[in-house]
Amino acid sequence: MKLSDTERTVLRALRSEYDIYSAYSYIHFAAIAAKTDLDRKVIRRACRSLARKGLAGYGRGLFTEDGTMYGAGYALTEAGLNALEVDDE
């Protein structure tokens, strides 16, 4: 699967929050921007593209562990993790 440099950068940011024990660890655009220095609009486009490819998943109505409303975010899927491992070789 062909990935742009931006998509790879966003996938790596999602991988930094990936937790094998919870299957999905969602993060929002602001957290991705802090990790990558990319513009929010660029991140949004990349996340939507990754979700269409099945490499990222979208979640809404999310809560933190202490019950605080977290909003919406994206998470790395197992397919996304595999795509990064192949890409990093």
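At what angle do the axes of helix α1 and helix α2 cross? I began there, keeping in mind that this is a predicted model.

**Entry 1: the helix pair.** I took α1 as residues 5-16 and α2 as residues 29-36. Their axes cross at roughly 110 degrees and come within 10 Å. Angles of 65 to 115 degrees count as roughly perpendicular, so α1 is roughly perpendicular to α2. Next I listed the residues that make the contact. From α1 I noted Thr9, Val10, Ala13, Leu14 and Ser16. From α2 I noted Ile32, Lys35 and Thr36. I then sorted the residues of this contact by type: four are nonpolar, three polar and one charged.

**Entry 2: Glu7.** I stayed in α1, where Glu7 has its place. Is Glu7 buried or exposed? Its relative accessible area is 7%. Buried means under 20%, so Glu7 is buried. I looked up its polar partner next. A polar atom of the Glu7 side chain lies 2.9 Å from the backbone nitrogen of Ser4. Leaving out residues up to four places away in sequence, I found Glu7 touching Lys2, Ala46, Ser49, Leu50 and Lys53.

Entry 3: I moved on to the strands. Strand β1 covers residues 56-63 and strand β2 covers residues 69-76. How many bridges join β1 to β2? I found six, and the two strands run antiparallel. Ala56 stands opposite Leu76 in β2. β1 and β2 form a hairpin, with five residues between them.

Definitions and conventions
Residues numbered from 1 in each chain as written. Predicted model: local features only at pLDDT ≥ 70, side-chain atom pairs only at ≥ 80, totals over all residues. Heavy atoms only, no water. Pairing = 2+ DSSP bridges. Helix = DSSP H or I, 4+ residues; strand = E, 2+ residues; numbered from the N terminus. Axes fitted to C-alpha atoms, helices over the stretch in contact; angles between N-to-C directions. Parallel < 35°, antiparallel > 145°, perpendicular 65-115°, else oblique. Contact = heavy atoms within 4.5 Å. Nonpolar A, V, L, I, M, F, W, Y, C, P; charged D, E, K, R; others polar. Buried < 20%, exposed > 50% of the residue type's maximum accessible area, 1.4 Å probe, protein only. Polar contact = N/O pair within 3.5 Å; in protein donor to acceptor, adjacent residues only side chain to side chain.
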